[in-house]
Amino acid sequence: MGRGMEGVRRWLVVAAVLGMGSKSTGLTCLEHPQNVTINVINANIILKWDWDNPCGLNVTFSVQYHRHSAIWAALPQCQNIIVTECDLSSAIQDYLVSYNVTIRVNTLKNHSPYAFLEFTPYLEAQVGPPGVWFEPIYGGVKINILHPEGDQQKMWMLDTLKYQLTIWKNATHSKEKTRSIFPGEIIYDLEPETTYCLKVKAHMDDHFSIYSPMHCIQTSKVWIGLPRLENLRIHSLNMKHLLYWDNLYNGNVSFIVQLLPGYKAHHSLDISKDWKNVSECENIQTTFCDLSSFIGSNGIYYLRVQAVHSDNKSPWSKILEFKPIEQNKMGPPNVSVNASEDSINVFIASPGESENRPMSDTYELTYNVWYSTSSITKELRRKPSQFIISDLISSTLYCLKVQAFSEVYNISSAFSNETCIKTAKGESSHFIPLIISGAVLCIISFIVAIYYAWRNINYAFFPKCKPPMVIDIESTGENDLKRLYFPVAKEQTDKCMVINSSIALPCKVNLDDVRVDKELEQISQDSGNYFIDNIISGDNESHQSSELITV
């Protein structure tokens with residue numbers, strides 16, 4: 001009882017004795033009540049406790065209660081009673097507030113300390129068993145369910161109860177099956193002429209529920225009429241809802257589609273009386289029905305179909321539950337773009353907008369955008385349906401595709417068609433080839449300038465050439481001289497002139513002062529005569545004529 005509610009209820013045992021005299025006689029026999037509990041089933045509130053009466057005294061019990069910030073009040077029906085429980089149902093009418101109760105043990109002259117208990121009725125309440133009865137119908141069993149509080153709903157008047165049916169064959173080793181069920185729903189998938197046992201309970205989160213008493217019933221004989229329709233399914237795209245089913249029949253068979261809104265089903269005492277025919281899908285011969293005009297985007301809807309041939313009718317199909325906003329699928333959005341030099345303006349029409357059913361009216365949409373060039377692909381997410389993709393490269397082809405997404409319902413649309421556009425040509429792009437060419441020329445010119453500067457510096461400060469050597473004929477043998485300067489006999493050469501070593505040269509010759517006569521440059525190449533003239537001595541005035549030797 002009250003599972004998970006231990007934090008709400010607590011014991012407050014008072015050690016002081018209220019109104020007791022100074023006499024100690026019987027104090028050890030007047031312990032306060034033990035194991036005080038509250039038992040709440042629906043709106044029935046029963047306070048219970050234990051008392052052992054170790055001394056065999058004649059005692060009674062008294063109960064008081066009060067709401068938060070109210071004065072204590074005695075319960076007339078629970079004063080000086082001899083039983084260990086008290087019905088608080090008539091005294092407590094507000095089930096959502098906290099109450100305190102006290103119990104004490106009375107004798108003629110004394111009373112025990114008080115035992116205290118605090119509780120909130122709604123939090124402690126259990127759901128009582130519903131009323132259930134069955135009846136065979138259309139080859140199945142109709143489950144009739146009565147609300148746990150009947151017509152006098154108090155504790156659960158603001159709650160929506162859901163029911164669970166547990167069913168099993170009345171046979172050895174039979175397995176139980178549990179399923180949700182509405183009051184007045186018909187179960188068809190049972191074996192004919194078979195005994196089944198059933199029990200039902202109301203289900204509520206955070207509250208313990210009690211099953212109804214078990215009932216057993218035998219099903220009817222095999223159904224010999226039109227077979228029940230199977231495989232109901234609904235296809236929902238951009239809130240256009242088409243219900244489909246399988247055609248199991250040959251001949252002129254028509255179909256009836258019925259619809260039940262969820263809010264009626266969950267508050268109905270018998271849903272078999274609440275179904276309504278879909279006006280555009282009565283006596284149709286197609287195996288589908290367009291429900292778009294009858295189903296909104298919110299809420300829950302229940303659907304079923306029946307086949308009709310002349311006076312024969314099939315059992316109703318299994319009930320199909322449909323939640324439009326969760327089960328709907330979104331088609332692709334439509335995308336249009338225009339581009340500037342470095343950005344693209346994107347305009348998105350939400351899925352269904354072209355059909356006057358924009359999904360942006362139903363969902364809060366976010367758009368996932370993929371855009372790419374031949375070398376890169378990027379992704380971004382935007383909420384508005386119009387935005388700008390910036391920091392792009394001019395004169396570049398970009399391709400985009402877009403997907404709508406609802407974060408709340410975790411629903412994604414199909415991708416839009418890929419849209420491609422080229423960004424505009426930038427003004428600076430005309431000069432790019434010239435800038436590149438100029439940069440290349442500057443680099444080449446710089447390299448050439450560095451080369452020639454290096455060459456001139458190297459020539460000026462690190463020359464490779466050496467001044468000519470004076471050939472000393474005296475120290476050079478005749479054979480060596482011939483070998484060094486005379487060509488091979490067979491080779492035809494011009495005549496050469498060699499300085500005779502017998503002519504005295506200045507002891508000290510400054511090679512920087514030696515000059516070659518201009519006439520040396522005017523000698524005919526065919527003469528073969530070479531000479532050195534005008535070797536200048538120290539004062540540059542005396543000239544010695546060089547003796548020439550013809551060879």
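Helices (H or I, at least four residues) and strands (E, at least two) are DSSP runs, numbered from the N terminus. The model is predicted: local features need pLDDT of at least 70, side-chain atom pairs count only at pLDDT 80 or more, and totals for chains, interfaces and linings use all residues. Residues are numbered from 1 along each chain as its sequence is written, and side-chain values use heavy atoms, with hydrogens and water left out.

**View B. Open sheet S6-S3-S2-S9.** The sheet has 4 strands in this order, with mixed pairing. Strand S6 (85–87) and strand S9 (125–126) are the edge strands, each pairing on one side only. Two strands pair if DSSP finds at least two bridges between them. Strand S2 (residues 34–41) and strand S3 (residues 44–50) are antiparallel over 6 bridges, and Thr37 stands opposite Lys48 in S3. The hairpin of S2 and S3 has 2 residues between the strands, and Asn42 there takes a positive phi near 55°. S2 and S9 run parallel, joined by 2 bridges; Ile41 has Gln126 in S9 as its bridge partner.

**View C. Strand S19 and its antiparallel partners S22 and S20.** In strand S19 (residues 254–261), 8 of the 8 residues are buried. Ser254, Ile256, Gln258 and Leu260 point one way from S19, while Phe255, Val257, Leu259 and Pro261 point the other way. S19 is joined to S22 by 8 bridges, with Phe255 opposite Ala307 in S22. Between S19 and strand S20 (residues 276–284) there are 4 bridges, and Leu259 stands opposite Lys276 in S20.

**View D. The second largest pocket.** This pocket holds about 510 Å³ of space. Of its 31 lining residues, Arg179, Ser180, Ile181, Phe182 and Glu185 are the closest to its centre. The elements giving two or more residues to the lining are strand S12 (162–169), strand S13 (177–181), strand S14 (185–187), strand S22 (301–309) and strand S24 (320–322). On a 1 Å grid over the protein atoms alone, a pocket is an open set of points where a 1.4 Å probe fits, with protein on both sides within 12 Å along at least five of seven lines; lining residues have an atom within 4 Å of a point. Grid points are joined across faces, edges and corners, and a volume is the space filled by probe spheres set on the points.

**View E. Positive phi at Asn80 and Asn356.** Most residues other than glycine have a negative phi. Asn80, in the loop between strand S5 (73–74) and S6, has a positive phi of about 55°. Asn356 has a positive phi of about 60° and lies in the loop between strand S26 (344–349) and strand S27 (365–372). Asn356 counts as exposed, at 70% relative accessibility.

How values were computed: Buried < 20%, exposed > 50% of the residue type's maximum accessible area, 1.4 Å probe, protein only.
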